[in-house]
Amino acid sequence: MPRMKFIFAAAMLLAACDRPTSTGLLGYVEADYIYAAPISGGRIAEVAVKRGDTVKAGTPLFALDTTDETAKRDAAAAALAEAKAKLADLQKGERPEDLAVIQAQLDAAKASMTLSVPRVERRRKMVKDKIVGEEQVDEAESALLADRGHIAEYTARLAAAKLPARIDQVVAAEQAVRTAEVDLASAEWALDQRQVVAAADGRIEDVYFRKGEEVNAGAAVLQLLPPPNLKLRLYVPEPELGRYKMGEKLAIACDGCAAGQTASISFIAATAEFTPPVIYSRESRAKLVYLIEARPDDTTQPWHPGQPIEARPQ
């Protein structure tokens with residue numbers, strides 16, 4: 001009997017030694033990075049930041065060569081100016097020089113008519129006196145009719161020249177101006193996109209290209225980490241999952257972290273997974289756990305992605 005008691009006591013002691021102690025939730029720091037990339041490819045003309053720099057939203061990060069885009073912008077601006085000039089010309093009628101020519105022709109026709117009227121009267125009188133024949137009267141009357149026709153023609157031409165172009169021509173010219181304005185705006189936008197700025201406040205985590213290198217459209221030139229994009233990935237065993245709720249505060253501890261750090265739970269996975277290798281241990285290996293994500297409440301602390309952490313309910 002004493003031997004059995006000793007064996008039982010030894011078994012209980014071994015079981016106590018093998019029982020894992022509660023160390024809270026284990027996990028690590030992770031981040032949702034912003035990758036700054038150009039919308040079109042080209043040669044990098046400038047990289048204005050370096051790894052580790054802290055930038056504000058709108059800070060220039062890098063710029064691509066603008067030779068082609070500047071030429072296209074200038075061509076679009078010239079096309080717009082030409083379209084506007086054509087529209088203005090159609091709206092105001094003929095040029096003053098053209099109007100002066102028509103006016104001179106009208107004045108000449110009127111002057112000719114002042115001579116044609118008395119000429120007809122004289123010829124008619126001369127026919128009565130048997131000095132000239134009827135043919136002379138016909139010639140004078142024909143010249144008078146021609147002068148009247150010229151006066152009517154030049155008067156109509158002068159009136160028409162003072163009017164703007166036909167409405168369909170004006171409408172077409174207005175549409176051409178609008179199209180040119182859109183083309184110019186598009187060219188200016190493309191030129192502006194050759195310089196990429198920070199989308200948010202954050203820290204430059206890495207720079208992948210240097211000045212003079214060629215970069216493709218959509219290829220990340222550098223990596224930006226805004227503090228709000230930091231998150232903590234934690235793993236909770238299935239039996240303890242019910243203890244955690246969305247928005248719940250967690251006490252966070254890590255090597256080198258300031259005391260009293262907290263985080264708020266922002267995500268709880270709906271399905272289980274195996275313990276990730278990064279936190280494997282003899283006690284947790286091959287156990288099913290649920291992923292929990294939490295956002296640090298104090299993002300000014302030097303959180304480092306990949307850094308191991310431990311969390312406990314407050």
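Modeller: A residue is called buried when its relative accessible area is under 20%, and exposed when that area is over 50%, with partly exposed in between. The model discussed here is predicted.

Colleague: Is Ile309 buried or exposed?
Modeller: Ile309 lies in strand β15, which covers residues 308–313. The relative accessible area of Ile309 is 5%. The cut-off for the buried class is under 20%, so Ile309 is buried.

Colleague: How many residues apart along the chain are Ile309 and Ile252?
Modeller: Leaving aside neighbours within four places in sequence, Ile309 has contacts that include Leu25, Val29, Leu232, Leu234 and Cys254. Ile252 is also in contact with Ile309. The C-alpha atoms of Ile309 and Ile252 are separated by 7.0 Å, and along the chain the two residues are apart by 57 residues.

Colleague: Which residue forms a disulfide with Cys254?
Modeller: Cys254 is among the residues in contact with Ile309. A search of the whole structure finds one disulfide. A pair of cysteine sulfur atoms within 2.5 Å counts as a disulfide. The sulfur atom of Cys254 is 1.3 Å from that of its partner, Cys257.

Colleague: In which accessibility class does Cys257 count?
Modeller: Cys254 has a relative accessible area of 14% and is buried. For Cys257 the relative accessibility is 25%. Values under 20% are buried and values over 50% are exposed, so Cys257 counts as partly exposed.

Colleague: What is the relative accessibility of Leu222?
Modeller: Leu222 lies in strand β9, residues 222–225. Beyond four places in sequence, its contacts include Ile34, Val49, Phe62, Ile204 and Tyr208. Leu222 counts as buried, with a relative accessibility of 0%.

Colleague: How far apart in space are Leu222 and Asp206, C-alpha to C-alpha?
Modeller: Asp206 is one of the residues in contact with Leu222. In sequence the two are 16 residues apart. From C-alpha to C-alpha, Leu222 and Asp206 are separated by 5.6 Å.

Colleague: Are α2 and α5 roughly parallel or roughly antiparallel to each other?
Modeller: Helix α2 spans residues 67–92 and helix α5 spans residues 167–192, and their axes are 8 Å apart. The two pack at an angle of about 160°. Angles over 145 degrees fall in the antiparallel class, so α2 and α5 are roughly antiparallel.

Colleague: How many nonpolar residues does the contact of α2 with α5 have?
Modeller: The crossing of α2 and α5 is left-handed. By class, the contact has three polar residues and eight charged ones, and the nonpolar residues number 16.

Colleague: Is the crossing of α3 and α4 left-handed or right-handed?
Modeller: Helix α3 covers residues 96–128 and helix α4 covers residues 134–161; their axes come within 8 Å and cross at roughly 160°. That angle makes α3 roughly antiparallel to α4. By class, the contact has 16 nonpolar, seven polar and nine charged residues. The crossing of α3 and α4 is left-handed.

Colleague: What separation do the C-alpha atoms of Gln103 and Arg157 have?
Modeller: Gln103 is placed in helix α3. At 29% relative accessibility, Gln103 counts as partly exposed. Along the chain Gln103 and Arg157 are 54 residues apart, and their C-alpha atoms are separated by 9.2 Å.

Colleague: Among contacts between residues at least 6 apart in sequence, what percentage joins residues at least 24 apart?
Modeller: The protein chain has five helices and 15 strands. Of its 314 residues, 30% are buried. Among contacts between residues at least 6 apart in sequence, the share joining residues at least 24 apart is 77%.

How values were computed
Residues numbered from 1 in each chain as written. Predicted model: local features only at pLDDT ≥ 70, side-chain atom pairs only at ≥ 80, totals over all residues. Heavy atoms only, no water. Axes fitted to C-alpha atoms, helices over the stretch in contact; angles between N-to-C directions. Helix = DSSP H or I, 4+ residues; strand = E, 2+ residues; numbered from the N terminus. Parallel < 35°, antiparallel > 145°, perpendicular 65-115°, else oblique. Left-handed = near helix turned anticlockwise from the far one by under 90°. Nonpolar A, V, L, I, M, F, W, Y, C, P; charged D, E, K, R; others polar. Buried < 20%, exposed > 50% of the residue type's maximum accessible area, 1.4 Å probe, protein only. Contact = heavy atoms within 4.5 Å.
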